[in-house]
Amino acid sequence: MNTLIASIAVIASFSIAANAFSGHPAGNTENQSFSKSKKTLELYVYNQLPHETIYCKGTFEGKEITDPNGFYSDKYKKRAKRLEWEHVVPAENFGRAYPAWRNGDAMCITKKGKRYKGRRCATKVSKDYRYMQADLYNLYPSIGTVNALRSNYRYGMVEGESLGNCLMTIQDRKAEPPNYAKGVVARVALYFDAVYPKYTLSDSQRQLFNAWDGLYPVTELECKRSKIIEGIQGNVNPITSAGCK
């Protein structure tokens with residue numbers, strides 16, 4: 001009897017999960033171009049939102065950081081005044097799931113006959129990868145230097161110095177965002193884990209993001225951004241929308 005009840009509970013949980021994601025595409029199926037996504041964010045998303053970067057709350061206009069809000073680093077100085085669109089879930093972290101990224105492909109050969117792999121190859125041969133790379137929910141404005149320093153490092157709790165007055169800490173191949181950004185990055189990562197079969201969080205990362213999601217609830221501004229993207233991209237981030245009124 002206990003086994004039967006447990007089985008019914010499992011089936012019910014799968015049914016609830018399936019219903020939660022029914023009625024909308026699983027992930028981005030609208031746009032395959034990362035370049036187009038950056039232009040879309042600039043012209044049609046952030047024309048309705050404050051021009052602030054995700055980690056440091058630096059301000060920007062066009063492709064330029066106009067006020068870094070106290071951010072400082074002595075590394076990657078040439079990118080300090082450059083606005084970049086950061087993949088919260090790094091492209092490499094989901095790109096490695098594709099054979100073309102890891103091993104290359106017969107289509108990935110230069111005119112000089114040299115084979116290549118990595119992001120360039122995955123972009124060329126995989127439509128599914130291109131959809132993930134261009135997903136608007138995963139792209140946030142960032143100071144170029146911060147984007148470079150964060151690299152493809154996982155989020156976590158970090159002991160170390162912040163970047164000037166910007167409370168982003170990067171140490172030992174881990175990055176801890178300021179508290180006001182922790183809920184945002186958590187809901188993006190949980191969204192990717194929920195809608196893209198090629199991306200799976202580790203148990204420790206899922207536990208961390210669930211904690212951040214609970215500790216730092218969805219804000220009105222985050223809901224507004226999500227709703228704008230839903231109208232453009234055609235799919236819902238169910239993790240964020242669950243916390244919106």
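Let's start with strands β1 and β2. β1 covers residues 59-61 and β2 covers residues 64-67, and the two run antiparallel, joined by 3 bridges. Keep in mind, please, that this is a predicted model. Across the pair, E61 stands opposite E64 in β2. Together the two strands make a hairpin, with 2 residues between them. If you look into that turn, you will find G62, which has a positive phi of about 60°.

Now let's go to the surface. Which residues form a nonpolar patch there? They are L43, Y44 and I232, and their accessible area together is about 280 Å². I232 belongs to helix α10, which spans residues 220-233. Is I232 buried, partly exposed or exposed? It counts as partly exposed, because its relative accessibility is 31%, and that class lies between under 20% for buried and over 50% for exposed.

Finally, let's step back to the whole chain. You can count 11 helices and 8 strands in it. The chain has 245 residues, and 46% of them are buried. Its accessible surface comes to about 13,400 Å², with 53% of that belonging to carbon and sulfur atoms. And how much of the contacts with a separation of 6 or more comes from residues 24 or more positions apart? Those residues account for 64% of such contacts.

So that's our tour: a hairpin made by β1 and β2, a nonpolar patch on the surface, and a chain of helices and strands around them.

Definitions and conventions
Residues are numbered from 1 along each chain as its sequence is written. This is a predicted model: local features need pLDDT of at least 70, side-chain atom pairs count only at pLDDT 80 or more; totals for chains, interfaces and linings use all residues. Side-chain values use heavy atoms; hydrogens and water are left out. Patches are made of residues with over 30% relative accessible area and no salt bridge: like charges are joined within 9 Å, nonpolar side chains (Val, Leu, Ile, Met, Phe, Trp, Tyr) within 5 Å. Accessible areas come from the Shrake-Rupley method with a 1.4 Å probe; for residues, only the protein chains shown count as cover. A salt bridge is a side-chain nitrogen of Lys or Arg within 4 Å of a carboxyl oxygen of Asp or Glu. Helices (H or I, at least four residues) and strands (E, at least two) are DSSP runs, numbered from the N terminus. Buried means under 20% relative accessible area, exposed over 50%, partly exposed in between (1.4 Å probe, protein chains only). Two strands pair if DSSP finds at least two bridges between them. Contact means heavy atoms within 4.5 Å.
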